[in-house]
Amino acid sequence: MKSLNRVAIALLAALLSFGASTSASADKTKVGFIYIGPPGDHGWTYAHDQARLEIEKELGDQVETTFVEGVPEGPDAERAIAKLAQTGHKLIFTTSFGYMEPTLKVAKRFPDVKFEHATGYKRADNVSTYSARFYEGRYVQGVIAGKVSKSGVIGYIASFPIPEVVRGINAFMLGAHTQNPNIKVKVVWVYSWYDPGKEADAAKVLMDQGADIITQHTDSTAALQAAADRGIHAFGQASDMIQFAPKTQLTAIIDAWGPYYVARTKALLDGSWKSQDTWDGMGEGMVVMAPFTNMDGDVAALAQKTYDDLRTGKLHAFSGPINDQSGKQVVAAGAVADDGMLAGMNFYIEGIDGELPK
Amino acid sequence: MLDLIIPSVMTMMTAATPLIFAATGELVCEKSGVLNLGVEGMMLIGAVFGFIGATVTGDPYMGLIVGAFSGIMASLIFAILTLLLVSNQVATGLALTIFGTGLSALVGANYVGETIDRIRPLYVPNSADGPSVAQLFFGHDPMVYLGLLVLLACAGFLSRSRWGMILRAVGDSDQSAHAIGYPVIQIRFAAVAFGGLMAGIGGAYLSLAYTPLWAENMSAGRGWIALALVVFASWRPIRVLFGAILFGGITIVQLNAQAIGLGIPGAIMSMLPYVATILVLVLISSNAMRVRLNAPACLGQPFRPER
């Protein structure tokens, strides 16, 4: 019994000293990131990671960052987020829609930790949401596709039927219809944000069915590469993917999270952080288009003009008249869709065949 | 219609090829009486080392050799544990899967986002001509042909050659084979190594030809499908071919159905390949007698020589 007591005391002493030493080294503020995929996806997560590096570059003397990658949306997410909160991180970015409930749950348990949830719509006192108006980029892509496509069929690799994805499809087709009113889109739902095998399969199938432009709302470069193999033009997603398809990428929507991340970290450091909802677009520089490549000069000029007009606010992607699939007018002529309709969009616009999965 | 069928069949064959490799290897392994559940891990190890080999040397075929070799190495860990140290085959196989998944993720972490020159088809027709029957027969990449060749070679080896018969004897009655004087442990070692070789090639195919990139867990459960395919095929190689094409085919068909706009919920279509596998397994197992007749009698049992 005596030796057991000694062991117990030794263990306790070790634990206490360990605890003391870790708290002593916490001079820098810790900022944590939860990623749904790997930074190497060169897509969605890569863009967030680049922004994280911007924080380190600008505020590296006061802030140190940690990231956890490949966290599935589900019960495991709660564990991962809680782990970051428990280990002294004061600001945590959860970078995928499906982390909404886990973030809120952990936020309740740790009221003095601030959370930033990407692309979500539920907030709390210590949970902010932020998103980018990717749909503006989709509109530009649609304009390009409408002008460039010879077969008149677009291949769209979609992930989950949530408003953000549906908005993207609608914006893309609105842009495409301005160039080719009869253009069609074929949508394949892969029910994953990141699954290179499935994305490549979906791209091949869409091309087999006659699509000569491929676009995606999934995170890897696999679809772009599969299209490049057959010489089919495609769009990069969330980051410039030109190195993976130098001869076939037309452009890419680049998510420029850096300025927002740095601003929020600064707000945390000087105590002015408040829960808010941010939905910035091209005008604020959160959505940037990659250089327009592999297209004729007149297409590039048209794309640049569309981009500039969206940036200055002269053009709005969802400006009326817009009808939904049943022919009912949802946006009147001369008006633009308000944020409420955009945030909850769960219908296809007119001109898109096929049913939206529930 | 023809210009949809031909590309679909070609895509089906590429989807089936990793399954053909992995299932053929596992079939030979199981025929010798060893149940190796580590196929998923070995495929991932083959995929990551194959990809690294291709990135470092610049040649995808070099990568293929590296991937195949790494598959053999992974299976040898399993072989030493189960054949020499007589550990439980099921547990060791599962451990190999978990090990393979983790090791591949660790080793591959620096290679996510790299690109390589992929394995290309031998005959690339003029794209303006559209799909043709010639393309259907000659336009696949070399691995598809290799997979079919290996499958046929294994079928011939197991049913007609002397060593094939000895292998089957070891799997059906290891004590008798030992009594006659055949080196049971060595034969099983060779069978396990062959299984690892095939799983390594199947995995390397994924990262070198199917989607020329490395992503964690990129086999996405194909190793488990390959295991099920062996049972599905009643341990007969030609049936493995049908099973692999069926599984690969359903995956592609469901994507095609979505793109055509048939309106069946995508989630249900994603389930189809797995549901089909389960259905066939249930049908085959319904005749318990037939299952007992075809399965190697000593499958999964450790060999302890009596004398």
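Good morning. The domain assignment divides chain A into domain 1, covering 25-133 + 257-280, and domain 2, covering 134-255 + 288-343. Please bear in mind that this is a predicted model.

I shall stay with the two domains for a moment. Their C-alpha centres, in chain A, are 28 Å apart. Domain 1 of chain A brings 17 residues to the contact between them, and domain 2 of chain A brings 19 residues. On the side of domain 1 that touches domain 2, helix α2 (residues 44-59) of chain A gives the most, with 4 residues. That side of domain 1 of chain A consists, by class, of 9 nonpolar, 6 polar and 2 charged residues.

Let me turn to chain A as a whole. Its secondary structure comprises 11 helices and 14 strands. The C-alpha trace of chain A spans about 85 × 40 × 40 Å along its principal axes. For 358 residues, a compact globule would have a radius of gyration near 21 Å, and the 23 Å of chain A agrees with this. Of these 358 residues, 51% count as buried. Among contacts in chain A with a separation of 6 or more, 64% come from residues 24 or more positions apart.

Finally, the partner chain. How many residues does the contact take from chain A and from chain B? It takes 29 residues from chain A and 30 residues from chain B. On the side of chain A, β7 (184-189), α7 (196-208) and α8 (222-229) each supply at least two residues. Helix α7(A) gives the most, with 9 residues. By class, this side of chain A has 12 nonpolar, 10 polar and 7 charged residues. Thank you.

Methods: Residues numbered from 1 in each chain as written. Chains lettered and ligands numbered in written order. Predicted model: local features only at pLDDT ≥ 70, side-chain atom pairs only at ≥ 80, totals over all residues. Contact = placed C-beta atoms within 7 Å. Nonpolar A, V, L, I, M, F, W, Y, C, P; charged D, E, K, R; others polar. Rg over C-alpha atoms; globule rule 2.2 N^0.38 Å. Buried ≥ 20, exposed ≤ 12 C-beta atoms within 10 Å, placed from the backbone. Domains from an automatic or database assignment.
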